[in-house]
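Please read it alongside the sequence and the coordinates.

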Amino acid sequence: VGVDSIAVLGIETTHRETVLNELAVSKGGLLTARRIEQSRQRLLELGIFRFVDVAPVFLDSKAPERATLRIRVGERKRSWIGAGAGFNSNQNLRVSAEKGWRNLGGRGRRLLVAAKLDQSLNRDFRGGGIRFKEGEARVGYVSPHVLGTRNRGILSSYVNWLRESTFDKRTLGGAATLRRE
């Protein structure tokens, strides 16, 4: 079956090109069940859609060799927030929080800001007030297409620290990753 055209339905903030870049087939190309499933999977892996439906719509029952490829999607919320708390055997209370934004600029890009903090419950260690024993703050950015290719670019940076009764340690770091899946 040949692809006569591509219809993209359900996008609100996502650019049409963002969807088309993930397809395993293009206009004029040969449509197979494998390419339909690859296209669906790639769109879901962007992390910006709640659902993705990819199906051929035959234009004329007398000419089943030509079809319109119909892409129907539902966009996820553009931002999220998360929080958690726990306790460990070293008498530490752990709290975590994150805030993220997806589909920045309608291009499938993501930004995440996250933090984890450990508060010692041992009064001898912390003295009075709040003194976080251990913590980490992270910022990450993901772009699904670098230089017009399906290569995913990931930038991240972090700071973590550890406070013991005899020393304090702080580490800064970052990474840049280029990945093709």
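The structure holds seven salt bridges, a salt bridge being a side-chain nitrogen of Lys or Arg within 4 Å of a carboxyl oxygen of Asp or Glu. The model is predicted: local features need pLDDT of at least 70, side-chain atom pairs count only at pLDDT 80 or more, and totals for chains, interfaces and linings use all residues. Residues are numbered from 1 along each chain as its sequence is written, and side-chain values use heavy atoms, with hydrogens and water left out.

- Side chains of opposite charge can pair when their charged atoms come close.
- Arginine 150 forms a salt bridge with glutamate 22, the closest N and O atoms being 3.2 Å apart. Because arginine 150 lies in the loop between β7 (132–143) and β8 and glutamate 22 in helix α1 (residues 16–22), the pair ties together parts that are 128 residues apart in sequence. Helices (H or I, at least four residues) and strands (E, at least two) are DSSP runs, numbered from the N terminus.
- Glutamate 22 counts as buried, at 4% relative accessibility. Buried means under 20% relative accessible area, exposed over 50%, and partly exposed in between (1.4 Å probe, protein chains only).
- Arginine 70 and aspartate 53 meet through their side chains in a salt bridge of 2.9 Å, N to O. This pair links distant parts of the chain, with arginine 70 in strand β3 and aspartate 53 in strand β2 (residues 49–58), 17 residues apart. Arginine 70 is partly exposed at 27% relative accessible area, and aspartate 53 is partly exposed at 25%.
- A salt bridge also joins the side chains of arginine 94 and aspartate 118 (2.7 Å, N to O). Arginine 94 lies in strand β5 and aspartate 118 in strand β6 (residues 109–120), so the pair ties together parts that are 24 residues apart in sequence. Arginine 94 is partly exposed, with a relative accessible area of 36%, whereas aspartate 118 counts as buried at 2%.

**Sheet architecture**

- Six strands form an open sheet in the order β4-β5-β6-β7-β8-β9, with antiparallel pairing; two strands pair if DSSP finds at least two bridges between them.
- Strands β4 (79–88) and β9 (168–179) stand at the edges, and each has a single partner strand, so one side of each is left without a neighbour in the sheet.
- Strand β8 (residues 152–163) pairs with β9 in the antiparallel sense over twelve bridges. Within this pairing, glycine 153 has leucine 178 of β9 as its bridge partner.

**Buried positions**

- Glycine 74 lies in strand β3 (residues 66–75) and is buried, with a relative accessible area of 5%. Leaving aside neighbours within four places in sequence, glycine 74 is in contact (heavy atoms within 4.5 Å) with Ile48, Phe49, Arg50 and Phe51.
- The C-alpha atoms of glycine 74 and leucine 93 are separated by 39 Å, the two residues being 19 residues apart along the chain.
- Serine 39, found in helix α2 (residues 33–45), is buried at 1% relative accessible area. Not counting residues up to four places away in sequence, serine 39 touches Glu22, Leu23, Ala24 and Val25.

**Surface patch**

- Phe87, Leu93, Val95 and Leu121 form a nonpolar patch on the surface, with about 340 Å² of accessible area together. Patches are made of residues with over 30% relative accessible area and no salt bridge: like charges are joined within 9 Å, nonpolar side chains (Val, Leu, Ile, Met, Phe, Trp, Tyr) within 5 Å. Accessible areas come from the Shrake-Rupley method with a 1.4 Å probe; for residues, only the protein chains shown count as cover.
- Valine 95 is placed in strand β5 (residues 92–104) and is partly exposed, at 32% relative accessible area.
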